[in-house]
Amino acid sequence: MPLNYHHLRYFWAVAHDGNLTRTAQQLNLSQSALSVQIKQLEERLGHALFERRGRQLHLTEAGRIALDHADAIFSAGQELVATLQETGRTRQALRVGALATLSRNFQIGFLRPILARTDVEVILRSGSPAELLEGLGTLNLDLVLMNREPPDDSLAPYETHQIAEQAVSIVGSPERFDPDRPIRELLGEHPFILPTTDNTLRTAFDAMASRLSVRPQVAAEVDDMAMMRLLARENIGLALVAPIVVQDELTSGRLVEAREHPRIRETFYAITLRRRFPNPVVQELLASSFDPAPLP
């Protein structure tokens, strides 16, 4: 019996939305009718395509394979229509998730090669690591940007791409400190704006302070890079940040960077889901060269 493509399209819609009730409303169908259509597709394929966890639907391995093929099928159909209508290629959606605390400058710098393209629509979302990885696993995101690797024991087939690494600096207002002073003196004389204790940069900073036998005064613990930037500008203390976070302030002279570096590095990752038909725009981004902080 040939495959019923109406059933496949219904499955495709639910898989991308992740919510049966909402998808049924968008398709102007009853939830029970939509469930029947998907059940018939599962019977035809001989595999369950979804598993329910609480109120959320999650793709099974067979569901991910089916969605890969459905994406390719319906994308080809859209391109066929666009070609015959001579309207050029259909704009392709690129759904990017980023850690809510990740530098906006970093995000823009990484995405810059495709931001001006007329054939790509960029959809940006932010969230916690768990939310982003869940969105990747349910195929609601194509790519996730983080400054930490996903857990090693994760069941989802993630692919982790290291896209940049940058030395972290100590920065502050020029009125507050002499950037030529040694780090040990800066640690003992000034309050610091630091990442929270669950951050790898904070762990490295605390280890450095311990080696130097200094206990720095902590002015603020912050999990948001934008807030660290603002607090440094307000002269609350010296901040431990990657230069890309305060790129504009360093260029203008509103903030200055200590000459001696703390020898701490921050690594940035792009995380994707292993797929048979990867998003070509994602592949282009991963193949492009990216310097996280080219200061003019």
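Analyst: Asn-28 sits in the loop between helix 2 (20-26) and helix 3 (31-45). Helices (H or I, at least four residues) and strands (E, at least two) are DSSP runs, numbered from the N terminus. This is a predicted model: local features need pLDDT of at least 70, side-chain atom pairs count only at pLDDT 80 or more, and totals for chains, interfaces and linings use all residues. Residues are numbered from 1 along each chain as its sequence is written, and side-chain values use heavy atoms, with hydrogens and water left out.

User: Is Asn-28 buried or exposed?
Analyst: Exposed, because its relative accessibility is 70%. Exposed means over 50% relative accessible area, buried under 20%, and partly exposed in between (1.4 Å probe, protein chains only).

User: And what about Asn-235, where is that found?
Analyst: In the loop between helix 9 (225-233) and strand 10 (238-241). Asn-235 has a positive phi too, near 65°. Asn-235 counts as partly exposed, at 29% relative accessibility.

User: OK, zooming out. How many helices and strands does the protein chain have?
Analyst: There are 11 helices and 12 strands. Buried residues make up 45% of the 296 residues.

User: Which residues have the most contacts inside the largest nonpolar core?
Analyst: Phe-11, Phe-50, Phe-106, Phe-110 and Leu-145, in a core of 65 residues. A nonpolar core is a set of buried Ala, Val, Leu, Ile, Met, Phe, Trp, Tyr and Cys residues joined through side-chain atoms within 4.5 Å. Apart from that core lies another, of 17 residues, including Val-168 and Phe-205.

User: What is Phe-50 in contact with?
Analyst: Leaving aside neighbours within four places in sequence, the partners of Phe-50 include Phe-11, Ile-38, Leu-57 and His-58. Contact means heavy atoms within 4.5 Å.

User: How many bridges join strand 8 and strand 9?
Analyst: Five, and strand 8 (residues 191-195) pairs with strand 9 in the parallel sense. Pro-191 stands opposite Gln-217 in strand 9.

Conventions: Pairing = 2+ DSSP bridges.
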